[in-house]
Amino acid sequence: MLLAKGQLDGIRSKLNHGDEEQVLALLKVLGNSTDNRAVIVLEPILDQDKKDYDTRREALRSLARIRKGAELLVELAEDQEIPQELQVASAAELNKLPWKDLRERGSNVFPLSPSKENKPLPSIPDLARIR
């Protein structure tokens, strides 16, 4: 609702001055909104070294839930501009994007790790029998 009313300054203020729990909750709400207007608020958080890891990771997750944000993450990954400490989280998010074209581009930059001996994982029934 705040995004629809153009209240970006209020959102930024809460993200910069709220307690950690409030900030994380707001980041989740922004991501769940899937509103492209949230990207302009979420993107700067990735590069803010003064923010803790959990806050930056949640901003990354929220960006991945928004098509425009996911496009931005893929571009950052391709240009190798994702901060080092967020690369593992980025790899996970990029490899599970709901948009096939972006997921493929993301997996080219951050491919999933192969399984042991490059064999496929056993099926659930096979795993159950092992017990």
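Which helix holds isoleucine 124? Isoleucine 124 lies in helix α8, which covers residues 124-130. The model is a predicted one. The protein has 8 helices and 0 strands, and 35% of its 131 residues count as buried.

**Overall layout**

- Read from the N terminus, the order of elements is α-α-α-α-α-α-α-α.
- The C-alpha trace spans about 55 × 35 × 30 Å along its principal axes.
- Taking contacts between residues at least 6 apart in sequence, 61% join residues at least 24 apart.

**Nonpolar core**

- The largest nonpolar core contains 32 residues.
- Leu15, Leu27, Leu30 and Leu46 are the residues with the most contacts inside this core.
- Two or more core residues come from each of α1, α2 (20-33), α3 (39-46), α4 (53-64), α5 and α6 (87-94).
- Helix α5 gives the largest share of the core, with 6 residues.
- Leaving aside residues up to four places away in sequence, leucine 27 touches Leu15, Leu42, Ile45, Thr55, Glu58, Ala59 and Ser62.

**Surface patch**

- A nonpolar patch on the surface is formed by Ile124, Leu127 and Ile130.
- Together these three residues, Ile124, Leu127 and Ile130, have about 340 Å² of accessible area.
- Isoleucine 124 has 66% relative accessibility and therefore counts as exposed, the cut-off for exposed being over 50%.

- Side chains of opposite charge can pair when their charged atoms come close.
- A search of the whole structure finds 13 salt bridges.
- Aspartate 9 and arginine 12 are about one helical turn apart, because they are separated by 3 residues in helix α1 (residues 8-17).
- Aspartate 9 counts as exposed because its relative accessibility is 60%.
- Arginine 12, at 30% relative accessibility, counts as partly exposed.

- The side chains of arginine 67 and aspartate 101 form a salt bridge with an N to O distance of 2.9 Å.
- This pair links distant parts of the chain, with arginine 67 in helix α5 (residues 67-78) and aspartate 101 in helix α7 (residues 100-109), 34 residues apart.
- Arginine 67 has 29% relative accessibility, so it counts as partly exposed.
- Aspartate 101 is also partly exposed, with a relative accessible area of 39%.
- Elsewhere, salt bridges that share partners join Glu58, Arg61, Arg65, Glu93 and Lys96 into one network.

**Arginine 65 and glutamate 58**

- Arginine 65 and glutamate 58 meet through their side chains in a salt bridge of 3.7 Å, N to O.
- Arginine 65 counts as partly exposed because its relative accessibility is 32%.
- Glutamate 58 counts as buried, since its relative accessibility is 4% and buried means under 20%.
- Glu58 is also one of the residues that leucine 27 touches.

How values were computed:
Residues are numbered from 1 along each chain as its sequence is written. This is a predicted model: local features need pLDDT of at least 70, side-chain atom pairs count only at pLDDT 80 or more; totals for chains, interfaces and linings use all residues. Side-chain values use heavy atoms; hydrogens and water are left out. Patches are made of residues with over 30% relative accessible area and no salt bridge: like charges are joined within 9 Å, nonpolar side chains (Val, Leu, Ile, Met, Phe, Trp, Tyr) within 5 Å. Accessible areas come from the Shrake-Rupley method with a 1.4 Å probe; for residues, only the protein chains shown count as cover. A salt bridge is a side-chain nitrogen of Lys or Arg within 4 Å of a carboxyl oxygen of Asp or Glu. Helices (H or I, at least four residues) and strands (E, at least two) are DSSP runs, numbered from the N terminus. Buried means under 20% relative accessible area, exposed over 50%, partly exposed in between (1.4 Å probe, protein chains only). A nonpolar core is a set of buried Ala, Val, Leu, Ile, Met, Phe, Trp, Tyr and Cys residues joined through side-chain atoms within 4.5 Å. Contact means heavy atoms within 4.5 Å.
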